[in-house]
Amino acid sequence: MDAGLLSRLPKVVLHDHLDGGLRPATALELAEANGYPGLPAEDAASLARWFFQGRSAGLERYLEAFEQTVAVMQTADALARVAEEAVLDLAAEGAVYAEIRFAPTLHLRGGLTPERVLDAVLAGTASGRGRAGIAAFVIVCALRHQDDAIAVAELAGRYAGRGVVGFDLAGSEAGFPASRHRAACRAAAGAGLRLTLHAGEGAGVDSIADALGCGAERLGHGVRLAEDLTVRAGGVVGMGPVAARVHAAGIPLEVCPSSNLHTGMYAAMAEHPVGLLHRAGFAVTLNPDNRLMSGTSMTAEFAQVVEHQGFGLEDLKAVTLRAVEAAFCPPEVAREVRERVLAGYPSG
Ligand SMILES: [Zn+2]
């Protein structure tokens, strides 16, 4: 499949972190404008290399990279600019729909209130949407290892119907089960938000079951569901109770292949379970997670699964249409997005 076709295909993005997708040049300009001296490089190319360490990096280094992006996102202007550019950059590689997520509480160091933070990100998203002509919404994340998830859920809930469509639990999964924040999940859902929870990345099948128990409608990553499968000759021959439940309910998995490689979950793309899960009928969707830290894009994720997981055009179309179905936007928006996806695939 040629690279031109892959980049032109319409894409639907469900899992993309705002603080994981900055343009290196923008990070430099924001650091300069806000007097932040801590960036580890002075030109965009070196900075991009510093952020993208690939598989050699390890989790520690990956988290340190977020310290740097978050440090330059502490003013309303910076947040609005980064949000706008995220929408524009995704649109430039074919995205017709994007849900961009972030944790408002990471952006209070410059004195902004959580409301100002959300207002700024929503203004940036709206501006990007207008300029790029695509649909874009925001998912608000609370952090599993912190104790303010209820307040974050209530904040997000006040923005339901005003650009925020979902609530997520991000941060350290191992040792911090979703059920620790059950009340926050309930508050978000009660305010009209949809729930997607990171699970099955930093922890395994139990964590996925726990997230489902908290009402997760989609799973961020979810790939460690593969640990609940019996596999023979490259095919699924048996499912444990959690996998069977996810399979039967068609719970969408927001799979981010490159990210999983870079955090050390799999040694090579050929070993990633994305193809196995897809072929077994799980509701796999493809996502970039952190475009800057993983040096990736939606197009690159498509290319990875084509090259290493046997995906063809029909598979890419299937995961994209599945992502439309899983989208948290109002149904009339989803209908339009679906039309754009169908129109963008070669007929036949
Ligand atoms: Zn994520």
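Modeller: Two residues are in contact if their C-beta atoms, placed from the backbone, lie within 7 Å. The model is predicted, with local features needing pLDDT of at least 70 and side-chain atom pairs pLDDT 80 or more, while totals for chains, interfaces and linings use all residues. Residues are numbered from 1 along each chain as its sequence is written.

Colleague: Which residues of helix H10 are buried?
Modeller: Helices (H or I, at least four residues) and strands (E, at least two) are DSSP runs numbered from the N terminus, and H10 spans residues 241-249. With buried meaning 20 or more other C-beta atoms within 10 Å of a residue's own, exposed 12 or fewer, and partly exposed in between, the buried ones are Val242, Ala243 and Val246.

Colleague: What covers the buried residues of H10, and which residues are exposed on the other side?
Modeller: The cover includes helix H9 (205-213), strand E7 (229-232) and strand E8 (235-239). On the other side of H10, the exposed residues are Pro241 and Ala248.

Colleague: Which residue follows H10, and what is its phi?
Modeller: The helix is followed by Gly250. The phi of Gly250 is positive, near 65°.

Colleague: Which strands stand at the edges of the open sheet?
Modeller: Eight strands, with parallel pairing, take the order E1-E2-E3-E4-E5-E6-E9-E10, where pairing requires at least two bridges found by DSSP. The edge strands each have a single partner strand, so one side of each is left without a neighbour in the sheet; they are E1 (11-17) and E10 (284-286).
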